Amino acid sequence: VEEAFYDAMQRADLPGLMALWADDDDVVCVHPGGQRLAGLEAIRASWQEIFNNGAVNVRATEIRAYEGPILAVHNLIEQVRVVGRAGEEVVQCVATNVYVKGAAGWRLLIHHSSPGGDAEPVSLSVGSSTLH
């Protein structure tokens, strides 16, 4: 599903992209710097507005994944090629995609993408204390 999601973005394929979402009122999408969009209609409208400007040249990298029997959570870096005043550049976003498995197979439940920096990811070691 993740591969198809990013492929649909690269082709500005709104029907293909929307077919990947769970048929659930609780679906959520957050675009970089944007507000929380809840529900399929709000999500569809936002992607339509994005695709009105053309396809999104994006590549998913550095995927960290938790995959269970009915829920999968992927955290990754989106490398988005944009053309600005200084020419073409790559903007990095940090994204989390949550997938749920139902009768129709795996579907996207949450897509949250935020502006990211160029710095390396930070890993902290947590001691033996229990966090609540």
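Trainee: Which residue stands opposite Val 100 in β6?
Mentor: Arg 107 stands opposite Val 100. Keep in mind that this is a predicted model.

Trainee: How many bridges join β5 to β6?
Mentor: 10 bridges join them, and the two strands run antiparallel. A hairpin of 2 residues links β5 to β6.

Trainee: And how many bridges join β4 to β5?
Mentor: There are 14, and β4 and β5 run antiparallel. A hairpin joins β4 to β5 as well, through 2 residues.

Trainee: What is the bridge partner of Glu 78 in β5?
Mentor: Cys 93 is the partner of Glu 78.

Trainee: New topic. How many salt bridges are in the whole structure?
Mentor: A search finds 3. One of them pairs Glu 88 with Arg 81, with the closest N and O atoms 3.5 Å apart.

Trainee: Is Glu 88 buried or exposed?
Mentor: Glu 88 is exposed, because its relative accessible area is 55% and the cut-off for exposed is over 50%. Arg 81 has 43%, so Arg 81 counts as partly exposed.

Trainee: What about the salt bridges of Arg 11? Which residues does Arg 11 meet?
Mentor: Arg 11 forms a salt bridge with Asp 7, the closest N and O atoms being 2.8 Å apart. Arg 11 also meets Asp 13, at 3.3 Å from N to O. Shared partners join Asp 7, Arg 11 and Asp 13 into one network.

Trainee: Where do Arg 11 and Asp 7 lie?
Mentor: Both are in helix α1, residues 2–11. They sit 4 residues apart, about one turn of the helix. Arg 11 is partly exposed at 48% relative accessible area, and Asp 7 is partly exposed at 34%.

Trainee: Why can such side chains pair?
Mentor: Side chains of opposite charge can pair when their charged atoms come close.

Trainee: What classes of residue line the second largest pocket?
Mentor: The lining has 9 nonpolar, 3 polar and 1 charged residues.

Trainee: Last one. Where is Ala 42?
Mentor: Ala 42 lies in helix α3. Its relative accessibility is 30%, so Ala 42 counts as partly exposed. The C-alpha atoms of Ala 42 and Cys 29 are separated by 8.8 Å, with the two residues 13 apart along the chain.

Methods
Residues numbered from 1 in each chain as written. Predicted model: local features only at pLDDT ≥ 70, side-chain atom pairs only at ≥ 80, totals over all residues. Heavy atoms only, no water. Nonpolar A, V, L, I, M, F, W, Y, C, P; charged D, E, K, R; others polar. Buried < 20%, exposed > 50% of the residue type's maximum accessible area, 1.4 Å probe, protein only. Pairing = 2+ DSSP bridges. Salt bridge = Lys/Arg side-chain N within 4 Å of Asp/Glu carboxyl O.
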